[in-house]
Amino acid sequence: MAKKPIQFQLNGSSKSVFVEEGQNLLEVLRREVGDLTPKLGCAQGACGSCTVLIDGEQIVSCLTLAETVEGASVETAAGLANGPTLHALQEAFMDGFAAQCGFCTPGMLVSAKALLDKNPSPSRGDVIEAISGNLCRCTGYEPIIDAILAAAGNGHNSAGRYSGSGRQS
Amino acid sequence: MPMHSQVFSQIGEAAHALSSNRSSRYFGGGTLVMRQVNAGNQSFDTIIRSTDPSLKQVQISGDQVIIGASVTMSQVIASRDLDFLKSAASVIGGPAIRNMATVGGNLFARSPYGDFTTALLALEATVALSGGRSDVPIADFLTQRFREPKPLVISVSVPRPRDGNAFRFLKIMRVKPMGVSLMTIAAHLPQSGGRLANPRVAYGSMGDTPIRANAVERALEGKTLDAQGIAPALAVATEGITPRTDSIASEWYRREVAPAHLERLLLGTGG
Amino acid sequence: MIEFRKDIFADERDDNLNEIGKPTRRQDILGHVTGRSPFYDDHQFEGLLHLKCLRSPHHHARIRSIDTKPAEQMPGVHRIIQGSDVKVNLNTLLSLMNFGEDDEPVLSDKKVSYVGEPILAVVAETERQAFDAIAKIRVDYEVLPHVLDPEEALQPNAPLVNETMPGNAFPYHEKYNHQKLRFGDVEAAFAQADHIVEDRYQMSPIEQAPIEMCGAIAAPETNDRFVCYTSTQALFFSLGTAAKVLDVPSNRLHFIGGTVGGGFGGKVDSLHEPLAILGCMLTGRAVRYAFDRQEEMQVGAPRGAERWYIKDAVMNDGRITARKFTGYFDVGAYTRLSSYAIIKAAGHLPGPYTIPNVYADIYCVYTNRTPATAMRGFGITGVDFAIESHMDQIAHKLGMNPIELRLINSYMDGDMKAHRREAKNTALVECMQVAAEKSGWNIAPDFKAMSSHNGGEGWRSEIPHTVTDTNGQIGNGVPASTVRPATTSIPAYVPSQNPSYAAPPAQPARPVSPPTPQSNVQATPTAPPQASAPASSSTPKRPRVSRFSSISGTRRR
Amino acid sequence: MTMHSGRGFAAINYPIGMNLGGDPSQALVHSNPDGKFTVALSSIDLGQGMKSVTRQIAAETLGIPVADVYVDTADSDTGPHCMGSFASRGTHRVGNAVIEAATEARGVMLEAAAEELEVNPEDLVTDGKGNIHVRGAPSRSITTAEACGVAQFQQGKTVSGRGIFLIPLSDVDPDTGEMTPVSCFAHAALVVDLEVDDMTGEVTVLKMNSAYEVGRALNPRLVEQQLIGGAWMGVSHALYETTEPYYPDRSHGPQDFGSYIMPGPGEVVPHDIAILERPAPDGPFGGKGPGEMCANPVLPAVANAVFNAVGVRITDLPITPEKILRGIKANGGAQPQGIV
C-alpha cells in the first residue's frame with residue numbers, strides 16, 4: 001500500500017508523517033500523530049466531533065483527505081490551552097456545566113474558537129450558527145450556548161442560571 | 001481494493017485520468033467522496049483531484065458569473081460577486097461543511113442533498129466540462145452526471161439576475177439552521193411591467209435530482225406576484241412531478257405541502 | 001431557569017449537609033474540556049488490527065453455504081472468524097442473572113433473522129482491507145418468509161423468527177406467552193362504567209445515538225490475559241458475557257472502561273467485546289471492533305417499538321374504575337434485555353394512578369428486525385406516552401380539566417398498587433400542583449390543597465378480589481397462540497363470596513381526602529401476605545431449582 | 001397559513017433501578033496515609049456524573065472535603081463488581097454501596113483518632129473540612145490526615161471499607177403479576193406550549209414548565225444537566241426520531257445524522273424547572289436518580305398539546321408533521337380546542 005509523506009503544523013509544532021492514500025485526516029491525527037482530541041463520531045461529516053481548524057477555518061477532519069493538509073496549519077482542541085492556562089472557552093465550559101459525557105466537547109470547543117477568533121462578541125444566533133454542525137446528545141445545547149456566550153464576555157454568565165437553594169419565583 | 005490517490009496540477013490531466021479509469025472518482029471538497037471512502041465503498045478505488053488554480057476562480061464575464069468548480073460554499077458566501085447565491089450557499093451543511101463543500105461537488109450530490117444545484121437550476125446555469133462542452137445546460141447535465149465516461153466539471157456559468165430580489169431561495173428543514181432538506185425551492189422571477197416574464201422555478205429533494213417545476217413556470221408566466229396571480233401556479237405545484245419518499249417525509253407529504261411552501265417563497269412570507 | 005422548592009417536603013429532609021446538595025464541579029470536567037478524558041478508542045496499540053462483520057442483507061434466510069476462500073487471500077487479512085470459532089455461540093444477555101434461555105448466536109452462520117445480522121467477521125490490518133475482504137465473501141442464502149409486525153408474528157402460521165422461542169413470544173414463568181398483571185375485575189367495572197375509553201398507541205424504534213459509537217479494543221496482556229478497553233455501560237455485564245461465550249475464566253480478562261461518550265442504554269449489549277477478544281486470541285494482535293454510524297443506526301439495537309391498547313372504565317365524575325392493557329414489545333429477532341423490560345412495565349402499570357381494577361397482558365414478541373434493547377426509560381417511556389395521552393382523551397371526553405382529572409386519580413402514600421405493594425414516598429400530587437402553578441394553569445382550590453400524604457384510606461389500601469385466567473398458556477404441545485382463553489378466579493384471593501369492587505358507586509370527585517366507598521370495604525377480600533412470599537400460598541408451587549426460577553423458569557446452562 | 005397555539009400536560013412516576021432487584025453494586029474505599037481517599041468502582045460514567053456524585057457521597061459520609069476524594073472507575077482488576085449504569089440505578093445502587101464502604105472507612109478513621117485523642121470514637125465528629133474533634137469540644141481535635149497517618153503508620157489499621165448494595169431478586173407471580181418491583185419512585189409533571197402550522201403540520205415547541213421530584217438533588221447542577229438534556233431528548237423523541245419512519249415497514253431507515261433528525265441548537269426550548277425533593281428512605285441521602293424519567297413526560301405532553309392546538313390526536317410516535325397534517329385533513333381543517 002502506497003504511503004505518502006506529508007508535513008504540517010499541528011498546534012504550532014511541525015509534524016511529518018506518512019499517510020495512506022485515501023486516509024482521512026482524523027485517522028492520521030489520532031493514530032499516526034497521537035492527537036486524540038478530535039473524536040470519531042460518524043465518519044460521515046455530520047456530527048462535528050472531529051472538527052479541527054485548518055489555517056483558521058473549521059473543517060471536519062473525517063472528510064478531509066489527509067494528504068491535502070501538506071504545508072497547512074492544523075489546530076485541534078489540544079492546542080486550546082496555553083500550557084497550564086486554559087482558554088476562556090474551556091473555563092466557561094467548566095463553570096457552566098456545559099459537558100456531560102465530554103465526547104462532543106473538543107469539537108464543540110474548536111467550532112466555538114473559530115467563531116470567537118473572527119467574532120469576539122457574537123450574538124446568540126451567531127453561536128447557534130457556529131455550532132450547528134456539532135451534535136450533542138447529552139446537554140440539550142443550552143448550557144453550551146450559554147458557556148460560549150459567557151466566554152465571549154457577553155454578559156451572559158452561564159453560572160447565573162442556577163438560582164441556588166431556596167424557592168424562587 | 002486499496003485506495004489510490006492521484007493529484008494533477010492541470011485539470012486536463014485529471015480529466016484524462018478520470019475518464020480512463022472506471023473505478024475512479026473525482027475528489028472536490030471531499031464531503032461526498034470521503035464519506036464513501038470511509039464507508040468502504042467498493043465501486044471505486046481511485047480518487048483523483050486537481051490543484052489547478054483556475055478551479056478556484058470566480059470571474060465576471062458579461063452578464064454571467066463563472067464559478068470555478070472548487071469554489072467552496074464559504075467562498076460563495078464571501079464573494080461580493082455572488083451575493084445573489086448567498087442564501088443558497090448559507091444553508092449547505094454547517095460551517096465546517098461549507099468550508100469544504102464545493103460548487104462542483106454539489107452538482108453530484110444526490111437527494112436530499114444538492115440544494116445549491118437547485119439554485120443553479122432555477123438560474124439556468126450552464127456547466128463547463130473538461131475536454132467537452134463548455135455550456136451544457138444544467139438540466140441536461142443532471143440527467144447524465146453519473147454516466148461514463150465521467151464528466152469533470154471545470155466551472156459553472158450563472159446568469160446574474162438583473163434584479164437581485166428576483167432570485168428567491170427557500171430550503172425547508174425540520175432542523176435549523178443545519179438540517180437536511182425536506183424540500184428546496186429556488187425561483188428566478190424577473191418581472192416586466194409588473195408581470196412575471198420567463199419565471200424559472202426549481203425544486204430540490206422532490207425527485208432523485210433537482211428538477212424544474214415546468215407547470216408552475218407556465219402558470220406564473222405573465223402573472224402578477226401576488227396571492228391572486230400565483231394561485232394557478234400553486235394549483236399545479238407538483239404537476240408532472242413524483243416527489244420522493246425518504247426518511248424525512250413521504251411522497252404524499254411532499255405533494256401536500258409543496259403549494260404551501262411555494263406560496264411562502266413566492267410571496268416572501270417563508271422562513 | 002431552575003428553582004428548588006425547598007418548602008415542599010421540608011420536614012422530611014435534613015438540608016444541613018457538607019457536600020451533598022452542593023453544585024460541585026464534575027470530577028471529570030477538566031479532562032472533558034481539554035479533550036483528554038480517555039474514551040475506549042483513545043488507547044493506542046502497535047499493530048492494531050480491525051474487525052468488520054459480514055452482515056445479512058435479508059430479513060430472514062437460511063445460509064446454505066459460505067465461500068470465504070477469495071477473502072482469505074486478500075492483502076492484510078489476518079483471520080476470518082466464523083461461528084464455529086466461538087466456543088459458546090449462543091447467548092442471552094440476562095443469562096448472567098439466570099433470566100431466559102440462550103437464543104442469540106455471536107456469529108450466525110446457519111440462519112439470519114434480521115437485516116444486518118453478523119454472519120462472520122474479518123480481521124485485517126486496515127478497515128479498508130476488511131471491507132475489501134468482506135466484499136469477496138460469497139454467501140448462498142435461501143430466503144425465508146419474514147414477519148415484521150408483532151401482532152402478525154403471534155398468529156399461528158407466522159414464520160418462526162427465533163428457534164429458541166416457539167410462537168415468537170418469550171415464555172414467562174414457563175407458563176404463559178406473556179406477562180400478566182391481574183388486580184380486581186376489569187370486566188365487571190366495564191359493565192358498570194359511565195364511559196369506556198379505548199385507543200391504541202404505537203412507538204416506533206428509536207436510536208440511542210450517543211455521539212461516541214459502540215466499540216471495544218482487545219489486546220494481549222502479560223501472563224496470558226487479555227485487556228479490553230470498551231465503551232460498555234456495564235463493565236461486568238460485558239466481561240461476564242465475553243467470559244461465557246469465549247469460555248475463558250473471568251480473571252483472564254481485564255476490562256477497562258468507565259469513561260463513555262454517552263450511552264442512553266445502547267451500550268449494554270456487549271456485542272463488541274467478545275469478538276474483539278476472540279480476534280485478539282486468534283491473531284495474537286490488538287484488535288478493534290466498532291460500529292460505524294450506519295451500523296449504529298440500523299444494526300445496533302434501538303429502543304424497540306411498542307404497541308399498547310388501553311381500555312378504561314370511567315365514571316362521570318372523573319374516577320377511572322378499571323384499566324386494561326394489552327402491550328406488544330416488538331423486540332426484533334433476539335431477546336437481549338427486552339424480556340426484563342416487560343416485567344418492569346408490568347410493575348409500573350397502571351401508571352401513577354390508583355385504579356381499583358387493573359389488567360394487563362404484555363407480550364415480548366420476536367420479529368425479523370434488528371433486536372431491540374435498553375434505552376433511557378426502558379419499559380416505561382412507551383407506556384407512559386400511552387397512559388398520559390389516554391388521560392387526556394378521558395379529560396376531553398368528560399370535558400374536565402386534565403390536571404384535575406389526574407389529581408382525582410393520583411396515587412398517594414398508602415395506596416395499594418396493582419402489583420400488590422403499598423405506595424410510599426409519593427410526590428405526584430405535588431409535582432402536578434407545582435407544574436400547574438408555574439405554567440399558570442388553573443386548578444380548583446380543593447386540588448391545590450391535596451397532599452401525597454393523604455392516600456391509603458379504605459379501599460385504596462386494599463387488594464381487591466381478583467379474577468385470573470389461563471389465557472396464552474404454553475406447553476402440552478399446544479401452540480401458545482391457539483390456546484383458548486379461560487377465565488377463572490383464584491380462590492385464595494376470595495375469602496368471601498361478596499361481589500368484587502368493580503366500580504364504586506357514583507360519588508363526588510375526591511380532591512382532598514378521598515372518601516371511602518363504604519359499600520365496598522366489607523367486600524374487599526383479605527390481602528395475601530405482602531412480605532417475602534409474594535406468590536399466593538394456594539397457587540400450586542412449581543419446584544424451584546433456584547430463587548430465580550419463577551421469573552423465567554430457566555436456569556442458565 | 002395559521003399557527004395554532006396548544007398546551008399539553010403530562011405527569012409520570014418512574015421506578016428507580018432494575019425493578020426486580022438482583023442487581024448488586026459494590027464499592028471499595030481506602031485512604032492514603034495523608035488522608036486522601038480513593039473510591040474504587042467498576043461503575044460507568046456515561047456523562048451522567050457517576051464519578052462526581054459518588055465522590056460527593058463518599059466525602060459526605062467520610063466527613064471530609066470533596067477535594068480529598070477521588071473516584072476511580074472502571075477497571076475490572078481494581079473495581080469491585082457492579083451491574084452497570086442503566087435503569088437510573090447508578091446514583092441509587094452505587095451510591096448506597098459507597099455509603100456503606102465509606103461508613104466503614106470512616107469508622108476506622110474515627111477509631112484511630114479516638115486512640116490519639118484518648119476518647120471514645122462515639123464522641124467524635126467530623127467538621128467536613130478535614131478535622132475530627134470531640135463533640136462539644138472543638139479544641140480537642142485532630143486532622144483527618146493525621147488520623148489516617150497514625151492509623152497506618154502507628155496503629156496498623158487500614159482506613160478502608162467495603163460496600164455492597166443489593167435488593168434481592170423479587171419473584172413475580174405468573175398469574176397476577178404480584179411483585180416487589182422497585183425500591184422507590186421519582187416523579188414529574190410537565191406543561192408544554194407549542195404552535196402547529198396547519199398548512200404543513202410542523203410543530204414549534206415554545207416553552208416547557210415542569211416539576212421534577214428527585215428524592216434529593218445530590219448535586220443540583222448535575223440534576224439540572226440531566227433534566228435539561230433529558231427534556232430536550234423528550235422533545236426529540238416526541239417530534240423527530242425514529243430508525244424506522246414507516247414502521248413496521250423497514251424501508252427508508254436513516255443511515256446517518258442527516259436523515260436521523262434531532263433538534264439542534266436552533267431548536268432549544270426555554271424550560272423552567274422546579275425541583276422537589278422528597279428523600280427516598282432507601283436512597284443515598286434520599287437521592288433517587290433523575291437520569292431516565294426526565295424525557296418521559298415530554299412525549300405525551302407534546303401529543304396532548306398538539307391535540308389542544310389543532311384537534312388531532314396522534315397516537316403514534318414520533319409526531320411528525322405528516323401525521324398531523326393527515327389528521328387535520330381528515331378532520332376537514334384544524335380544530336383548535338381552546339385555552340385550557
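In which sense, parallel or antiparallel, do strand 11 of chain C and strand 12 of chain C pair? They pair in the parallel sense, over four bridges, and strand 12 covers residues 253-256. Before I go on, please note that this is a predicted model, in which local features need pLDDT of at least 70 and side-chain atom pairs count only at pLDDT 80 or more, while totals for chains, interfaces and linings use all residues. Residues are numbered from 1 along each chain as its sequence is written, and chains are lettered from A and ligands numbered from 1 in the order in which they are written.

When I say strand or helix, I mean a DSSP run, with helices being H or I of at least four residues and strands being E of at least two, numbered from the N terminus; two strands pair if DSSP finds at least two bridges between them.

Let me stay with this pair of strands for a moment. The bridge partner of C:Cys228 in strand 12 of chain C is C:Phe255. To get from strand 11 of chain C to strand 12 of chain C, the chain passes through helix 6, residues 235-246, and this β-α-β crossover is right-handed, a term used if, with the strands pointing away from the viewer, the path from the first strand over the helix to the second runs clockwise.

Strand 11 of chain C also pairs with strand 10 of chain C, residues 215-221, this time in the antiparallel sense and over six bridges. Here C:Pro220 has C:Phe226 as its bridge partner in strand 11 of chain C. Three residues lie between the strands of this hairpin, and within the hairpin C:Asn223 takes a positive phi near 60 degrees.

Is strand 11 of chain C, residues 225-230, largely enclosed by the rest of the structure or left open? Five of its six residues are buried, so this strand is largely enclosed. Buried means that 20 or more other C-beta atoms lie within 10 Å of a residue's own, exposed means 12 or fewer, and partly exposed is in between, with the C-beta atoms placed from the backbone.

Now to two chains together. In chain C, 114 residues are in contact with 110 residues of chain D, where contact means that the C-beta atoms of two residues, placed from the backbone, lie within 7 Å. On the chain C side, helix 12, residues 428-439, gives the most, with eight residues. By class, that side has 52 nonpolar, 34 polar and 28 charged residues; Ala, Val, Leu, Ile, Met, Phe, Trp, Tyr, Cys and Pro count as nonpolar, Asp, Glu, Lys and Arg as charged, and the others, Gly among them, as polar.

A cis peptide bond joins B:Ser111 and B:Pro112, with omega about 10 degrees, and B:Pro112 is placed in the loop between helix 6 and helix 7 of chain B. Another cis peptide bond joins D:Thr73 and D:Ala74, with omega about -5 degrees.

As for positive phi, A:Ala43 has a value near 60 degrees, and it counts as buried, with 25 C-beta neighbours inside 10 Å. C:Asn98 has a phi near 55 degrees, but C:Asn98 counts as partly exposed, with 18 C-beta neighbours inside 10 Å.
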